[in-house]
Amino acid sequence: MRMKKKKHGSERLNLLSQLTATDIESFFENKDEIFENKSPLRIEIGCGKGDFVVGKSVKESEYNYLAIEKIADVCTLAVENYAGSRGLGSLAPNGGWQKPNGEIYSLGETVPFEKSELGNVRFLVGDAKEILAKLPDNSVDAIYVNFCDPWSKKGHTKRRLTYIEFLKMYSRILTKDGKFYFKTDNRPLFDFSLEEVEKSPLKLEYHTFDLHASEMDKDNIRTEYERNFSEKGFKINMLIAKNNK
Ligand SMILES: C[S@@+](CC[C@H](N)C(=O)[O-])C[C@H]1O[C@@H](n2cnc3c(N)ncnc32)[C@H](O)[C@@H]1O
């Protein structure tokens, strides 16, 4: 996702820092306290502006979610999107944050929320490759990758989030029955991903080359990229792979 650097991006993120994790180790160690429950953890890699995880947090509210995004300014938009969806307020005219009761917080401050208001999603800025490598075995219920960069050049294959080494890592951190969900408009990337799954410890459970025409669409949450590509006439591919350790 390309975007111009946001003025005051990090301060905006800091305003809502109760919704972000600072590092994966302490997040994972304290997640039951953070969420005030022991629900299974699901991870979205590359959440962009957060539409998917916001939708999931409501539709499948019996899970906790960690949304990872490597670009801080993009993550800021996702956090603000989620906070807005939970009725925690909106951007204030002074560039800070305004709570529904009218209280305004300025850049440089942190908005105080009750723990119980924060819901079942937290956000983490960083590269998923480094973050996931620090998670223990069998610790995650599901992993979602939606419309990741295709890295089309041949020399860039290893950067694809469905390259075999990533799939092995997903298998390691997924629970025994955990699942990997992947959507893309990019057919060459999808074909590559099907081949990688075949070679991996994951087992293909379902795939479609036209998600929006399939029976799976009724439970599908469309992401920003999905809406854009679909409007341009691209078919959306999806696969679900089950852990097969
Ligand atoms: C093409 S956008 C798609 C955004 C969103 N998932 C959607 O479907 O609308 C891919 C996003 O993944 C992020 N991303 C790419 N590689 C990543 C990585 N290794 N770790 C974390 N985020 C990553 C990018 O910064 C970008 O925001």
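Modeller: Before we start, helices (H or I, at least four residues) and strands (E, at least two) are DSSP runs here, numbered from the N terminus. This is a predicted model, where local features need pLDDT of at least 70, side-chain atom pairs count only at pLDDT 80 or more, and totals for chains, interfaces and linings use all residues. Residues are numbered from 1 along each chain as its sequence is written.

Biologist: Thanks! How many helices and strands does the protein chain have?

Modeller: The protein chain has nine helices and ten strands.

Biologist: And what does the C-alpha trace span along its principal axes?

Modeller: About 55 × 40 × 35 Å. The radius of gyration, taken over C-alpha atoms, is 18 Å. That agrees with a compact globule of 245 residues, because the rule of 2.2 Å times the number of residues to the power 0.38 puts such a globule near 18 Å.

Biologist: Nice. Let's go to strand β10. Why is it largely enclosed by the rest of the structure?

Modeller: Strand β10 covers residues 237-243, and five of its seven residues are buried, so the rest of the structure largely encloses it. Buried means that 20 or more other C-beta atoms lie within 10 Å of a residue's own; exposed is 12 or fewer, partly exposed is in between, and C-beta atoms are placed from the backbone.

Biologist: Which strands pair with β10?

Modeller: Strand β8 (residues 174-184) pairs with β10 in the antiparallel sense over six bridges, and six bridges also join β10 to strand β9 (residues 202-208), again antiparallel. Pairing takes at least two DSSP bridges between two strands.

Biologist: What about E205, buried or partly exposed?

Modeller: E205, in strand β9, counts as partly exposed because it has 14 C-beta neighbours inside 10 Å. Beyond its neighbours within four places in sequence, E205 is in contact (C-beta atoms within 7 Å) with I240, A241 and K242. E205 and A241 are 36 residues apart in sequence, yet 5.1 Å apart C-alpha to C-alpha.

Biologist: Switching topic: which residues have the most contacts inside the largest nonpolar core?

Modeller: A67, I68, A78, V79 and I143, in a core of 57 residues. Helix α5 (residues 72-85) gives the largest share of this core, with seven residues. A nonpolar core here is a set of buried Ala, Val, Leu, Ile, Met, Phe, Trp, Tyr and Cys residues joined through C-beta atoms within 7 Å.

Biologist: And what does A67 touch, leaving aside neighbours within four places in sequence?

Modeller: A67 is in contact with E44, C47, G50, V53, A78, V121 and F123.

Definitions and conventions: Two residues are in contact if their C-beta atoms, placed from the backbone, lie within 7 Å.
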